[in-house]
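I kept this notebook while looking through a structure. Each entry records one thing that I looked up.

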Amino acid sequence: MIGSDGSENRNREENMNKVGVNQSGLVNSSKTTSSQSSLANVARSHSDSKDSSRVVSGSGLEARNIHAWFGKKLVLEDISINFAPGTVTALIGPSGCGKSTFIRILNRMHEFIPTAAMAGQVVLDGKDVYEPGVDVTKIRLKIGMVFQKPNPFPSMTIRENVLSGLKLSQIKIDSPDELLESCLRRAGLWDEVKDRLNEYGGALSGGQQQRLCIARSLAVNPQVLLMDEPCSALDPGSTLRIEETIRELSQSMCIIIVTHNMQQAARVSDDTGFFLSDGGPGKLIELGSTSQIFSNPKEARTEDYVTGRFG
Amino acid sequence: MSTVLVSPLKPWRPTVKNLLPEILGMVFTAASTLFIVSVTELKGKLGFAITLILMSLITTSTISWIRRDRKAAVSSVSGVLVFVAATFVLMPLMSILYEIIRLGFGGLSWGIFTTDMSKTSADAPIIEGGLLHAIIGTLYLVLFATIASAPIGFLTALYIVEVKGKFAGSVRFFVQAMSGVPSIVAGLFIYAVWMIGLGNSYNAIAGAGALTILMIPTVARVSEEVLKLIPNDLREAGLALGATQWRTVGMIVLPAAKSGLVTAIVLGVARVAGETAPLLLTVGGSDQINFNPAAGNNSALPFYVWKNYSFGSDQAVARAWLGILILMILVFFLFSVARYFGRMKDGSR
């Protein structure tokens, strides 16, 4: 389920080299403001660093005409995004514009709010996940989720936390120890916890807990990973580790990340969608490649937001 | 290069200079109270207590007002009032504990744990006979009441908190109403249904049935509060991993709530262990050891206490105090065991 570690490391080194080259040879267009240009450069260097010839595995996810309500209040209006396999899509926008609601619709967590309602389709493997008769637990196995607040299970050890998804969904595997190690390695946590796998998850630092939660969601081998502001409570070091993790994971799955951090969106994502609500329902204002959104947005409102003029 | 030695300090602690007015205030309070009690008509323990409270209110607020301001005075007045209230709560409790130990301690001997009262009259010296039959009866009652009420109570709480079914509100209302049921009514209910209605006779199971009725509301309400404290994030994390609701509850919510659920049982046992009235109608009472909970009269420690106290002779009353002491020790022992198992493998908390 993962490539050998050697090849992954080589990939990363190549990426890093390219990033280095790009950063040393900065080319600014004279029109853009300085903050925008730096973000645009980050975004461009990220998109350049992507190996265009690499083989993408897994399948994507398509949201068609998604609407959402809480009670009678329409909170999301007509959102359609096609998330391609092997890409990272960042969803940006001010608080309260429905980004979290949107990604919770994608893995059917929206329905746990008693007053919630929705319309539209979420197509995974050619099938709408909201079709009657679909086994919702299977959907959530295929579409994993990492929450804003690290939430390791307090009654479980680190090891049990990582493997909890298998136990919860009653999947039996032959070599749990291998899976444990590979998940923790992919989440960038193995070296820090390999000697304390039987300690409780709550004993880890916040950043480690969040990486533990990422490892936990990897263990069930999802095709799509939803991340709802995964770094908002973390320090820069932990954030960097998680961004590296996202970059590695994007080779084998489709990742959708909600973030308030423009730098982060520019660093990790291939595509960016900008959400905005003008007091009414949240709408998708603009969707495009990350380098385009940050260097040459079509909409004035997008430009205002990414350059920090509001929001 | 010289190294500066820094020793650990606690600069927030009051210094002797700061404490001096307070110590003087205490001395003044005590002295003036003694003076007032000896000079005026305020006599006795009650007069002394009231004077002491009033004087300490006056002195502490005056000192605070002089040293700081009106706000500090108000704060110290409320501090004294809280202290007084806590003392009023603790005093009867301590006094009860003291009396039980004082009056019951004399009867303690190994014999009481090995024999029953079948060959001893209540009038006989306390060294003769024992209360093993009552201990066994109480253990049976608590055991069966817990076995019956813990699952029912937990499931009720799960229905209210996790299932959030249509009737959650009314179930919660009825559970609250049930916790107000007088214990004798629970006994009468079992007596009417189990004995008159179904033709059974006195036994420990019937007593446990009456206690179960009393224990369920406590267990259900406490576990409801405990389950509500489990953060919703954990439930969502479980569901997002592709678990069904019941596996999330069973593997994540209940283990996280374990120590709280143990507390629910402990409080339930505390509620019923000392009940006497429902047992009069259900276990029948006995002076003999009865190992069979399903047949034959049984006894219980509160029942033993009631019986000996009603008998009235000096030796019998001493036995009653001994029974109370043993009941207290037994309940304390059960609590400690429950706490120990509740804390085992309890994660980060």
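**Entry 1. Strand E3 of chain A and its neighbours.** I looked up the pairing of E3(A) and found 4 bridges to strand E9 (residues 271-276) of chain A, the two running parallel. Helices (H or I, at least four residues) and strands (E, at least two) are DSSP runs, numbered from the N terminus. Two strands pair if DSSP finds at least two bridges between them. Within E9(A), Phe274(A) is the bridge partner of Ile92(A). E3(A) is also joined by 4 bridges to strand E8 (residues 254-258) of chain A, again in parallel. There I noted Val88(A) opposite Ile255(A) of E8(A).

**Entry 2. Source of the model.** The model is predicted: local features need pLDDT of at least 70 and side-chain atom pairs count only at pLDDT 80 or more, while totals for chains, interfaces and linings use all residues. Residues are numbered from 1 along each chain as its sequence is written, and chains are lettered from A and ligands numbered from 1 in the order in which they are written.

**Entry 3. Burial of E3(A).** Why is strand E3 (residues 88-92) of chain A largely enclosed by the rest of the structure? I found that 5 of its 5 residues are buried, so the strand is largely enclosed. A residue is buried if 20 or more other C-beta atoms lie within 10 Å of its own, exposed if 12 or fewer, and partly exposed in between; the C-beta atoms are placed from the backbone. Val88(A), Ala90(A) and Ile92(A) lie on one side of E3(A), Thr89(A) and Leu91(A) on the other, and both faces are covered. I recalled that side chains in a regular strand alternate between the two faces of the sheet.

**Entry 4. The sheet that holds E3(A).** The order of this open sheet of 6 strands in chain A is E6-E7-E8-E3-E9-E10, with mixed pairing. Strand E6 (143-146) and strand E10 (283-289) of chain A each have a single partner strand, so one side of each is left without a neighbour in the sheet. From one strand to the next the twist averages 15°. At one end, 4 bridges join E6(A) in parallel to strand E7 (residues 224-228) of chain A. Gly144(A) has Leu225(A) as its bridge partner in E7(A).

**Entry 5. The other sheet I looked up in chain A.** An open antiparallel sheet has 4 strands in the order E2-E1-E4-E5 (chain A). Its edges are strand E2 (73-83) and strand E5 (127-128) of chain A; each has a single partner strand, so one side of each lacks a neighbour in the sheet. Strand E4 (residues 116-124) of chain A is joined to E5(A) by 2 bridges, antiparallel. Leu124(A) has Lys127(A) as its bridge partner in E5(A).

**Entry 6. Chain A as a whole.** I recorded 12 helices and 10 strands in chain A. Of its 311 residues, 46% count as buried. Lys138(A), in helix H4 (residues 136-142) of chain A, is partly exposed because 13 other C-beta atoms lie within 10 Å. From Lys138(A) to Ser169(A) I read 31 residues in sequence and 8.7 Å in space, C-alpha to C-alpha.

**Entry 7. Helix H13 of chain B.** How many residues does helix H13 (residues 314-343) of chain B have? The helix has 30 residues and reaches 44 Å from its first C-alpha to its last, close to the 44 Å expected at 1.5 Å a residue. The expected span is 1.5 Å times one less than the number of residues. Its buried residues include Arg319(B), Trp321(B) and Leu334(B). Among the elements that cover them are helix H3 (70-104) and helix H4 (132-163) of chain B. Two residues are in contact if their C-beta atoms, placed from the backbone, lie within 7 Å.

**Entry 8. Where the chains touch.** The contact takes 24 residues from chain A and 21 residues from chain B. On the side of chain B that touches chain A, helix H8 (232-240) and helix H9 (245-256) of chain B each supply at least two residues. H8(B) gives the largest share of that side, 7 residues. By class, the side of chain B that touches chain A has 10 nonpolar, 6 polar and 5 charged residues. Ala, Val, Leu, Ile, Met, Phe, Trp, Tyr, Cys and Pro count as nonpolar, Asp, Glu, Lys and Arg as charged, and the others, Gly among them, as polar.

How values were computed. Axes are lines fitted to C-alpha atoms, for helices over the stretch in contact, and angles run from 0 to 180 degrees between N-to-C directions.
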